Amino acid sequence: MSIYLDNAATTKPCREAVKAIYDCLDSNYGNPSSLHHEGVRAQIAVDEVRKMIGRTIAADPECIYFTSGATESNNLAVLGSVGNGGKKKNRIVSTAVEHPSVDRALSRLEEKGFEVVRIAPDKNGNISHERIINAVDSNTALVSIMLVNNETGYIMPVRRAFYGIKKLYPGCLTHCDAVQGYMKIPFKVSELSADMVSLSGHKICGPKGIGALYVRKGIHIKPRTFGGGQEKGLRSGTENVPMIVGMGAAVKALSRDINERYSKAQELKAMFLKKISELENVTVNSSEDASPYIINISVPGIRSEIMLHFLEERGIYISSGSACSKGEKSSVLKSFGLCDELVDSALRISLGRETIGADLSALAEGIGDARKSLLKAK
Amino acid sequence: MQRRIKMQEIILIKYGEMALKGMNKKTFEDVLVKNIKRRIKSLGKTFITRAQSTIYIEPADEGFDIDEAMTRLGKVFGIAALCRAAVCEKDFEDIKRVACEYLADTLEYAKTFKVTAKRSDKNFSMKSPEICRELGGVLLEKFERLSVDVNDPEITVTVEIRDTNAYVHAGNIKGAGGLPVGTSGHALLLLSGGIDSPVAGYMMAKRGVHISAIHYVSPPYTSERARLKVEQLCEKITPYCGSIAFFCVPFTKIQEEIKNNCPEEFFTIIMRRLMMKIAQKIAAREKCLALITGESVGQVASQTMSALVCTDAVCEIPVFRPLIGMDKTEIVEISRKIDTFDISIQPYEDCCTVFTPKHPKVRPILSDIEAAEQNFDFEPLLQEAVEKTELKIFNLDM
């Protein structure tokens with residue numbers, strides 16, 4: 001039996017998604033662009049998912065574009081939305097704790113001469129909406145802020161920041177990487193005042209290789225792939241129908257009980273924190289009002305990777321920092337004000353819809369045992 | 001999103017033209033309330049009451065989505081203006097408190113504002129100008145960026161003192177206007193898939209007409225996608241129209257026989273006459289009192305005045321053409337507003353463009369057309385088309 005607590009890296013696809021993907025591969029294999037009936041069926045399947053995703057974030061389905069995943073969505077949003085049109089605005093505002101698919105895209109723009117302002121958390125680990133708003137000026141082309149930080153679960157003040165920015169600088173575009181918030185915290189695109197929102201399939205019990213980008217009507221984004229003009233020219237290439245359908249099935253399954261799952265995650269987080277508070281010298285890096293789905297802790301003295309492998313032997317799977325960084329030191333945690341010792345020993349525990357209390361008890365016990373045996377060995 | 005202010009929020013709906021009705025006003029109100037209920041039923045429980053020419057929608061469920069309700073109600077005809085408002089006690093201290101909290105987001109970034117007060121309860125201790133002055137002062141002090149502009153304010157903070165409660169809101173939003181759908185009879189819309197016909201349907205629904213739609217398909221000359229496109233158009237106008245019965249008529253044989261038996265220059269005009277005949281048969285069956293088309297005089301050869309005369313000659317019931325005097329640009333503007341434009345311009349062949357003559361008759365003469373139709377007895381085919389017509393219902397909350 002394995003205990004999977006790395007749901008911020010990826011989730012186990014839900015049964016509904018697996019079945020939908022299989023059925024689609026088996027019997028709905030048409031190319032949505034084909035004029036005949038098989039093509040039409042495939043297109044209807046794709047458009048159904050577009051509608052469903054649209055409904056979950058109160059967006060017009062025509063504003064949902066399918067991509068190969070959130071990395072592509074983030075790249076498209078950041079790289080495609082600036083430098084268009086006549087008036088060249090030169091400034092971009094973001095945070096120092098964004099996902100690399102936003103951050104590295106921003107670096108590309110920096111190389112091209114854009115001024116990128118990355119707001120770091122203050123000494124308490126907070127990023128206030130005022131600080132974001134104050135960084136924006138009339139020369140700002142884009143603001144990109146994630147909804148939930150993927151390493152700590154910190155919930156960004158996106159709504160208040162974007163609201164203020166749109167009031168003060170209506171021409172400034174707003175992008176939100178909502179990957180770690182989608183299907184966990186209910187939100188609407190209008191409530192976020194977001195012009196663009198990135199979503200991922202495999203973080204919500206759907207398949208990998210599929211994501212979506214919401215683009216508000218009237219916003220023009222430069223495509224980065226060229227070809228048959230699918231997705232209204234924004235993302236050429238035959239639609240990945242089976243994975244789109246799989247993502248749709250996952251959305252359908254998960255959208256039913258977002259609030260109930262959130263409350264359950266809160267209870268689990270509280271229970272886990274209580275358990276590890278009984279252990280000596282374990283630091284909780286996630287703030288109290290962070291998303292309960294992501295809990296970041298440090299066990300000083302035990303390097304993350306060693307702890308990870310220790311727990312792995314018991315069939316417990318967690319992550320050190322984010323899964324994308326594969327052992328690299330997390331600059332995000334440093335930005336959140338963690339000292340090197342805490343960064344080196346940071347563990348990310350991320351809950352999923354199947355997580356139960358016993359999983360977290362086993363983890364807490366495992367961490368306790370690791371402290372006993374690993375610290376002694378040293 | 002993260003921090004939502006807990007306070008009671010309701011929706012106030014003001015009706016427009018209906019308020020001018022005399023004896024019938026109650027009938028119109030009843031239909032409007034029924035339409036409103038249907039439109040928001042799926043969002044959760046509400047209490048709907050009416051008083052003083054206003055409809056009050058009070059959410060009874062915790063999770064009631066007021067944003068969504070506002071969006072939906074913005075498409076309900078018969079509503080002149082609507083707004084979301086916070087409920088307060090009829091006590092100035094409470095009004096101040098609620099205004100500061102409820103309008104915080106709106107006023108934080110606004111530059112100019114004014115306060116207006118409506119006092120339908122004349123027993124309230126303060127008079128309207130006094131309420132405006134006092135509340136204006138409080139808000140000015142609290143929100144730094146604000147200044148007063150009584151002529152052209154960005155935000156109009158409104159306080160309404162009514163019978164049981166007081167309400168605070170940041171001004172009305174314009175409603176869809178018109179009359180409640182269902183108060184003006186039932187008509188059948190000829191829906192082609194182009195830009196005009198959905199707009200025509202929208203405009204008649206705005207006058208309170210309950211719409212059904214009829215569409216003609218000619219496979220293999222027209223594709224499944226052409227029909228899907230029209231179904232998408234139905235979906236788009238359903239929020240305005242309430243529900244739409246969509247009739248899809250197989251038209252291939254008729255078009256082929258027109259081609260085989262009639263002079264080419266008359267193809268389109270004869271086709272339109274036959275479409276009208278079928279539409280009337282369906283209209284009679286479905287108890288529709290009139291037909292609606294998206295024709296605009298002079299737009300294409302089949303829409304010249306002479307051509308319209310020839311088409312109308314087969315019509316025994318009225319044909320409403322709400323776009324008759326409009327320019328294409330004006331029609332496009334409405335189609336963008338109701339969001340049908342992008343669907344309408346999808347490039348699928350519809351039956352109107354099948355067998356289009358190279359040189360259609362611009363000024364057809366009725367007797368020539370009638371003579372040309374004598375070459376073939378279309379009646380059995382028309383009957384067959386009506387029998388094979390398929391029905392699909394488009395409903396709200398689909």
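Where in chain B does Asp339(B) lie? Asp339(B) sits in the loop between helix 11 and helix 12 (341–344) of chain B. This is a predicted model, in which local features need pLDDT of at least 70, side-chain atom pairs count only at pLDDT 80 or more, and totals for chains, interfaces and linings use all residues. Residues are numbered from 1 along each chain as its sequence is written, while chains are lettered from A and ligands numbered from 1 in the order in which they are written.

**Helix packing in chain B**
- Helix 6 (residues 196–206) and helix 11 (residues 328–337) of chain B pack at about 70 degrees, axes 9 Å apart.
- Helix here means a DSSP run of H or I with at least four residues, and strand a run of E with at least two.
- That makes helix 6 and helix 11 of chain B roughly perpendicular (65 to 115 degrees).
- On the helix 6 side, Asp196(B), Pro198(B), Val199(B) and Tyr202(B) meet Ile331(B), Ile334(B) and Ser335(B) of helix 11 (contact: backbone-placed C-beta atoms within 7 Å).

- Asp339(B) has a positive phi of about 70 degrees, though it isn't a glycine.
- Asp339(B) is partly exposed, with 16 other C-beta atoms within 10 Å (20 or more is buried, 12 or fewer exposed, in between partly exposed, with C-beta atoms placed from the backbone).
- Over in chain A, Ser193(A) also isn't glycine, yet its phi is positive, near 55 degrees.
- Ser193(A) is in the loop between helix 7 (189–192) and strand 7 (196–200) of chain A, and is partly exposed with 19 other C-beta atoms within 10 Å.
- The Pro219(B) to Pro220(B) peptide bond is cis, omega near 5 degrees.

Methods:
Axes fitted to C-alpha atoms, helices over the stretch in contact; angles between N-to-C directions. Parallel < 35°, antiparallel > 145°, perpendicular 65-115°, else oblique. Contact = placed C-beta atoms within 7 Å.
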